[in-house]
Amino acid sequence: MFKNQFPFFINKPEQVYLDSAATTQKHQSVIQAVNDYHCLSSATVHRSAYAIANEATLLFEQARDLTAQLINSPTAEQIVFNSGATESINTIASGLQKKMITGNKILILASEHHANILPWQQLSARLGLSIEVVNISDKGQFTQPEYAALLKQLSSDVAILAMAHVSNALGNIYPVEEVCRLANQQNILTVIDGTQAIAHMSVDVTAINCDFYVFSGHKMYAPTGVGVMYGKRTLLNELLPLRLGGEMITRVSFTDAEYQAPPLKFEGGTPNISGVIGLGAAATFLKSNMHSIQQHEILLSKLLSDGLEKRHDIRLFGNVSAHLNQRNQNVDEVTLGCSIGLHSFVFSNHHLHDVATLIYQKNIAVRVGHHCAMPLMNVLNINGTMRVSIGCYTTEQDIQRFFHALDNTLAELDENAGYQLIPKSKQQDVNQHTDKINNANSISHCNDNSTVGKVTETLPISFNIKQAKGWDNQYRQLLLASKNLNTLPVEMRLNENAVFGCESDLWIAYSNDQLCAYSQSKIIRGILALILEKVMYLNTPLTNNHRDQKSTSIAASFDYFAYLTELNLTPFFSVGRQDGIRNAITAIKAKLAIHHKT
Ligand code: PLP
């Protein structure tokens, strides 16, 4: 219904985008407004009186009005523009003064985004407060027992309650209106992170009656680098600004200054003018379409949760289907236990990144990882989830294509799927190559330093990878190679052997005089098998000498990352995973050097 209003999908019709919780695609009215500003009214705001400066200021302040209307702020002056939710929460936490709060605890939910945890850690150190966590169930749910516990925790010794309106990791909608009503009775300062709510439901800050409400433009079809901090007037007057500089003052001397009244007090420096204007356009789009957006998303969300629940090897978190019926009865009713169209899950038999890597190749964008909610992942005792999140542009066909890709991926990952290791016609080539390798020990391969970093010999695994055409086939070869890895015994998967950063647990160590490794990810096991194959080849002594310094030093100085790149493997890994593979290579080299010294 809305898809054709998003130019991205007109340009990329093949793309299934299910990562709207990370960032949304931009609405055509937003792109138009940003473009018009750059083409027709490009000037700075609030400073000059020439025509285009006036035009720019008018557009900027109109965006403030539109944003105020979107969230039913009593006045536009209570809308502060900045770079996003992160800056908003940092502004609040750094600008609060002791006199503005009573109590000595900061209460946060276990599911908070890091942006709604870290600033509070700093504030608690600055003002001598402690942080207390509101729990959720081991299924990631926030239902009656957790809610009852939260209500108990809302006592007069709590200074600040900081919580999301909707969890970015699980999709749960929290009953912020009721919670703020109770918090207000205890004089608790309330900060609501509405980043994941703003594009999916009507937000009414007057009804919620919170002290602060924050969100980011890029999650509501507006540009990146722009966001909003709404605050109650008295608090905005007292809160100290974070960004000091031009435009936020009425008078400055070398020793002191007087600040503007809010909102300008918080908008030091030249603002993101085009971003703000784009945000204003997004606010208009959301306000005029929210009812249809919600109806559309509820249907799609149900389709997603039904499909996920039907599949047996999936463990779902958050409040999903049981509560959607409640929402169906009254679209505008946001009650305890509901969820937006964001579903988070893990697989019983497969590593998240193995599934994601293959799904990505089918033009499906989903997110895997901790979603900037590491403490929550620890509570749930998992490393991360796959998160599928919809936007108003998502269609039924997108969901069907996702499930189709998911089913194919899981079948491919299944060990019994029966891959063709190497076509029979190529078998002879491999045998010849393997013979060459076996003979190579009597040739002077180790003396040739110019070979460092180059794929000069074709070893069995590298042969298969080279022969495989396209990433899908290379990927299959890596899965097969994973079976060839010298597996590190379970009892040796200890901290001292751990390597970090591969987006999966990974250990490397010598066991029974053999370099071994283990990762939960099959694809990483395949990469490790490929690297260790090369290490073993380079480190094979030329003589019968058990500890050959020369071959060890060649194996230790070889550029394995370049080797992987030559095999065309590295472009398929995220920057994070590439860094992790580099860490693994460093660890292998260190183990090699130590082992061969002893
Ligand atoms: N809060 C929540 C719930 C989020 O989902 C995010 C972003 O993912 C943030 C805060 C931080 O938003 P930003 O990076 O736009 O500042």
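Helices (H or I, at least four residues) and strands (E, at least two) are taken here as DSSP runs, numbered from the N terminus. The structure is a predicted model, for which local features require a pLDDT of at least 70 and side-chain atom pairs count only at pLDDT 80 or more, whereas totals for chains, interfaces and linings use all residues. Residues are numbered from 1 along each chain as its sequence is written, and side-chain values use heavy atoms, with hydrogens and water left out.

The protein comprises 21 helices and 18 strands. Of its 598 residues, 56% are buried, where buried denotes a relative accessible area under 20%, exposed over 50%, and partly exposed in between (1.4 Å probe, protein chains only). With contact defined as heavy atoms within 4.5 Å, 72% of the contacts between residues at least 6 apart in sequence join residues at least 24 apart. The protein exposes about 25000 Å², of which carbon and sulfur atoms supply 51%; accessible areas come from the Shrake-Rupley method with a 1.4 Å probe, and for residues only the protein chains shown count as cover.

The mean pLDDT (the predictor's confidence in each residue, from 0 to 100) is 88, and 88% of the residues reach 70 or more. Over residues 322-334 the pLDDT is below 50, although this stretch has 29 contacts in the model beyond near neighbours in sequence. Residues 433-456 likewise have a pLDDT below 50, with 40 contacts in the model beyond near neighbours in sequence. Where pLDDT is low, the predicted coordinates should not be read in detail.

For histidine 218, a polar side-chain atom is 2.7 Å from an oxygen atom of the ligand. Taken alone, the ligand exposes 390 Å², and the protein buries 84% of that.

Serine 20, in the loop between strand E1 (16-17) and helix H2 (28-40), counts as buried because its relative accessibility is 4%. Leaving aside neighbours within four places in sequence, serine 20 is in contact with Ser389, Ile390, Gly391 and Tyr393. Its side chain makes a polar contact with that of tyrosine 393 at 2.7 Å; such a contact is a pair of N or O atoms within 3.5 Å, and within protein one must be able to donate a hydrogen and the other to accept it, while residues adjacent in sequence count only if both atoms are side-chain atoms.

Several backbone features occur in loops. Proline 262 and proline 263 are joined by a cis peptide bond with omega of about 5°, proline 263 being placed in the loop between strand E10 (257-259) and helix H10 (273-310). Asparagine 363, in the loop between helix H12 (352-360) and strand E13 (364-365), has a positive phi near 60° and is partly exposed at 31% relative accessibility.
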